[in-house]
Amino acid sequence: MAGQGATMRALRLAAFGSWRDLRLVSVPIPEPDAERGVLVRVQAAAVNPVDLKTCAGRPADPGLADRLPLTPGYDVAGEIVRDAGEGDLAVGTRVCGMVGFPSAPGGFAEYVLARPDEVVAIPAGVGDAEAAALPLVGLTAWQALFEHGGLSASETVLVTGGAGGVGQQLIQLAHAAGARVVATASARNAGLCAALGADRVVDYTSESLTAVDERIDLVVNTVTAVDDVLAMPGVGDHTRRVTLVSLPGDADALRDFFGSRPLVHPDATVLAHLLDRVARGALRSRVVVEAPLGQAERALALVDAGHAGGKALLRPAD
Ligand SMILES: NC(=O)c1ccc[n+]([C@@H]2O[C@H](COP(=O)([O-])OP(=O)(O)OC[C@H]3O[C@@H](n4cnc5c(N)ncnc54)[C@H](OP(=O)(O)O)[C@@H]3O)[C@@H](O)[C@H]2O)c1
């Protein structure tokens with residue numbers, strides 16, 4: 001029960017190194033304050049690559065170096081147990097959100113604080129797992145396609161890393177918008193990408209993108225090894241481009257092509273819209289593993305391996 005002096009279980013990182021340095025410890029339940037007034041009891045928390053990068057000393061916010069020891073985790077679903085502010089959502093409401101991104105993570109724990117504008121109500125019929133799996137990847141994909149990429153119907157978008165957490169959202173949202181989708185994935189994930197709405201899947205392990213002879217209006221890149229994008233016959237000055245990953249320091253041409261990397265930002269309106277699509281069966285968030293905090297390595301190692309094929313979740317209440 002949340003209250004003054006009460007404790008909770010949380011995964012804690014004492015110093016940057018690796019996700020393997022995370023330890024399950026007992027810490028005070030965080031106290032809501034004026035900015036982060038909502039206390040959520042976490043039912044499910046999704047693991048994203050950014051959480052592993054944080055543990056490795058490459059956080060999205062360099063200021064996290066001054067906040068060690070810290071608990072990673074941005075994507076959560078759970079129940080509001082206290083609201084010390086003036087949020088619209090009542091205690092007891094099931095909510096999900098990308099909380100504290102990038103400067104105040106904490107989702108890999110039994111309780112986490114959130115700003116009222118970071119969490120939205122989970123519609124009836126949507127489970128905690130699906131809800132936790134959605135915010136960071138869904139918002140990233142939406143913002144890449146429509147805010148940065150300006151995608152419109154009947155255009156063609158190239159999605160690299162189509163089988164990833166972000167890639168699966170990119171394919172579905174672009175397809176639903178009426179765009180043609182070309183995606184890269186390993187052969188074993190080709191069927192998954194096609195089922196989500198990819199019109200053409202290129203197996204990056206055996207085929208070059210240069211074999212794709214069609215006009216590309218937008219590239220949304222989620223992987224680092226994408227040199228062959230530059231040599232695609234349908235890619236040129238007309239091609240808008242968004243990279244969600246930092247590109248290797250020695251890949252000058254690729255870095256010049258993509259330019260700066262946008263960072264996802266919270267957006268309650270878009271998140272509510274995406275959740276509504278999930279509730280209607282028009283958007284899927286595919287969960288591949290769920291592990292209690294005490295067995296977190298099952299979820300963390302899967303994301304670390306880079307081929308999870310969906311979202312890996314922690315279940316702090318289990
Ligand atoms: N800028 C931002 O705000 C932002 C937001 C979210 C994520 N990101 C970044 O975006 C990246 C992807 O995130 P994610 O959550 O989608 O990761 P993920 O779920 O681990 O997926 C990674 C995917 O990459 C694919 N892949 C690996 N090498 C590939 C290659 N050479 N060509 C094509 N696909 C390849 C894998 O597909 P196969 O299994 O088919 O091999 C895997 O499914 C991460 O680096 C993450 O940090 C950035």
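Close-up 1. Asparagine 189 places a polar side-chain atom 2.9 Å from an oxygen atom of the ligand, a polar contact being a pair of N or O atoms within 3.5 Å. At proline 262, a backbone N or O atom lies 2.9 Å from a nitrogen atom of the ligand. The model is predicted, with local features requiring pLDDT of at least 70 and side-chain atom pairs pLDDT 80 or more, whereas totals for chains, interfaces and linings use all residues. Residues are numbered from 1 along each chain as its sequence is written, and side-chain values use heavy atoms, without hydrogens and water.

**Close-up 2. The shell around the ligand.** Of the 26 residues around the ligand, those that come nearest are Lys53, Ser186, Tyr204, Val264 and His307; a residue counts as near if one of its heavy atoms lies within 4 Å. Domain 1 (7–134 + 285–315) and domain 2 (137–258) both contribute residues to this shell, so the ligand lies between them; the domain bounds come from an automatic or database assignment.

**Close-up 3. Aromatic pairing of tyrosine 74 and phenylalanine 101.** The whole structure holds 3 aromatic pairs, defined by ring centres of Phe, Tyr or Trp (its six-membered ring) within 6.5 Å, with planes under 30 degrees apart called stacked, over 60 edge-to-face and the rest tilted. The ring centres of tyrosine 74 and phenylalanine 101 are 4.8 Å apart and their planes stand at 70°, so this pair is edge-to-face.

Technical notes
A polar contact is a pair of N or O atoms within 3.5 Å; within protein, one must be able to donate a hydrogen and the other to accept it, and residues adjacent in sequence count only if both atoms are side-chain atoms.
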